[in-house]
2 protein chains.
Amino acid sequence: MTRILGVDPGLTRCGVGVIDAGSARAVSFVDVTVLRSDADAPLEQRLLTIRDGLVTIIDACRPDVIAIERIFAQHNVRSVMGTAQVAGMALLVAAERGLTVALHTPSEVKAAVTGYGRADKKQVTAMVTAILKLDSPPKPADAADALALAICHAWRGGDLAHDGETEAQRAWRAAVKASRS
Amino acid sequence: MTRILGVDPGLTRCGVGVIDAGSARAVSFVDVTVLRSDADAPLEQRLLTIRDGLVTIIDACRPDVIAIERIFAQHNVRSVMGTAQVAGMALLVAAERGLTVALHTPSEVKAAVTGYGRADKKQVTAMVTAILKLDSPPKPADAADALALAICHAWRGGDLAHDGETEAQRAWRAAVKASRS
């Protein structure tokens, strides 16, 4: 059993979804939440608010892996900087704890859960609801996206992450984990 | 006397310069270093390496203010994401400690130290060397840029930062400082 925490990074809304992944594509829902920060607060306060929220969830759920959406600078430049900084913060939080980190692109996530890389938010939410056998669709979309990231990692990312990790990187993670635990 | 730490953010090279600022534009050199991370390491390891280096300097120098270069997405998209993430990390480190944070654009920094917002790196380095009465120019350019950021803050940022800070933000910083010290 692997516990996977998915992060859909954002300063205004940051989705965090946790699932357990077993053998034969079995996945089960553990937790989902959307962290928010006040748009009027200074940037450093917003990052700290989201960071503290993420750390609380990690300490409570103890994931093995953190899967984060890979950010591209193709969208609105102002919002992408904040999004990149939240993603960087999540990477840092994972690295501090020696957790495995994986990045997945939005189209990899959509393809993994719906079979179609350009699926819309409604389709992603519907599939996440069905896959995790939830009573009602997770809201807002950031919550569903975070769970979709975790499912994507369970179904395709585990192998990819290890393929992409060198012996030195594995050794480094183990050393960090030992030194900080 | 105010101790100011300037950060020229970057994943490959992150300049960190520390100065003391007194009355009547008096500034004096305290420390300068360039933090580096291995380009072959995973992103999260690189962020952690730069973060640990920055924290070590902050703990040793105990600055009152952290001045960070404001990042724009006008340059190379790939490198700007890493730069933004290092800047976000520095913001977070400052916020965790309740330190005052200021962002300055590259042209504000150049104008402050050379009188000309489009000065080149050589001019900035020469002025930093003269202003701080250094025996030799700080190298590489990232080191000079970090000191220039600190000087810029000393000469124009102090007032600006307070003008830009609301009563609530001041109260927040004081509360963070109290809770974490």
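**Close-up views of a predicted two-chain model**

**Figure 1. Salt bridges between chain A and chain B.** Two salt bridges are counted between chain A and chain B. In one salt bridge, the side chains of Arg51(B) and Glu96(A) meet at 2.6 Å, N to O. The model shown here and in the other views is predicted. Over all chains, the structure holds 14 salt bridges. The Arg51(B) pair crosses between chains, running from helix H1 (residues 43-61) of chain B to Glu96(A) in helix H2 of chain A.

**Figure 2. The interface of chain A and chain B.** On each side the contact involves 28 residues, 28 of chain A and 28 of chain B. About 2500 Å² is buried between the two chains, and 72% of that area lies on carbon and sulfur atoms. Four residue pairs are in polar contact across the interface, with both residues of each pair at pLDDT 80 or more. Three helices of chain A, namely H1 (43-61), H2 (77-96) and H6 (167-180), each supply at least two residues of the side that touches chain B. H2(A) gives the largest share of that side, 12 residues. By residue class, the side of chain A that touches chain B comprises 18 nonpolar, four polar and six charged residues.

**Figure 3. Symmetry of the two copies.** Chain A is superposed on chain B by a rotation of 180° with 0.0 Å of shift along the axis, and the RMSD is 0.0 Å. The two copies are therefore related as by a two-fold rotation axis. Within chain A, Gln85(A) has the C-alpha nearest the axis, at 2.4 Å from it. Both copies use the same surface, as 100% of the contact residues of chain A recur in chain B.

**Figure 4. The E2-E3 hairpin of chain A.** Strand E2 (residues 13-21) and strand E3 (residues 27-36) of chain A pair in the antiparallel sense, over nine bridges. Ala21(A) stands opposite Val27(A), which belongs to E3(A). Five residues lie between the two strands of the hairpin, and in the turn Ala24(A) has a positive phi of about 50°. Most residues other than glycine have a negative phi.

**Figure 5. Arg25(B) in the E2-E3 loop of chain B.** Arg25(B) lies in the loop between strand E2 (13-21) and strand E3 (27-36) of chain B. Its phi is near 60°, a positive value in a residue other than glycine.

Figure 6. In chain A, the peptide bond from Lys139(A) to Pro140(A) is cis, and omega is near -5°. Pro140(A) is found in the loop that lies between helix H4 (121-131) and helix H5 (141-163) of chain A. In chain B, Lys139(B) and Pro140(B) are likewise joined by a cis peptide bond, with omega about -10°. The loop holding Pro140(B) lies between helix H4 (121-131) and helix H5 (141-164) of chain B. Most peptide bonds are trans.

Key
Residues are numbered from 1 along each chain as its sequence is written. Chains are lettered from A and ligands numbered from 1 in the order in which they are written. This is a predicted model: local features need pLDDT of at least 70, side-chain atom pairs count only at pLDDT 80 or more; totals for chains, interfaces and linings use all residues. Side-chain values use heavy atoms; hydrogens and water are left out. Contact means heavy atoms within 4.5 Å. Buried area is the accessible area (1.4 Å probe) that two parts lose on being put together, summed over both. A salt bridge is a side-chain nitrogen of Lys or Arg within 4 Å of a carboxyl oxygen of Asp or Glu. A polar contact is a pair of N or O atoms within 3.5 Å; within protein, one must be able to donate a hydrogen and the other to accept it, and residues adjacent in sequence count only if both atoms are side-chain atoms. Helices (H or I, at least four residues) and strands (E, at least two) are DSSP runs, numbered from the N terminus. Ala, Val, Leu, Ile, Met, Phe, Trp, Tyr, Cys and Pro count as nonpolar, Asp, Glu, Lys and Arg as charged, and the others, Gly among them, as polar. Copies are superposed by least squares on the C-alpha atoms of residues with pLDDT of at least 70 in both. Two strands pair if DSSP finds at least two bridges between them.
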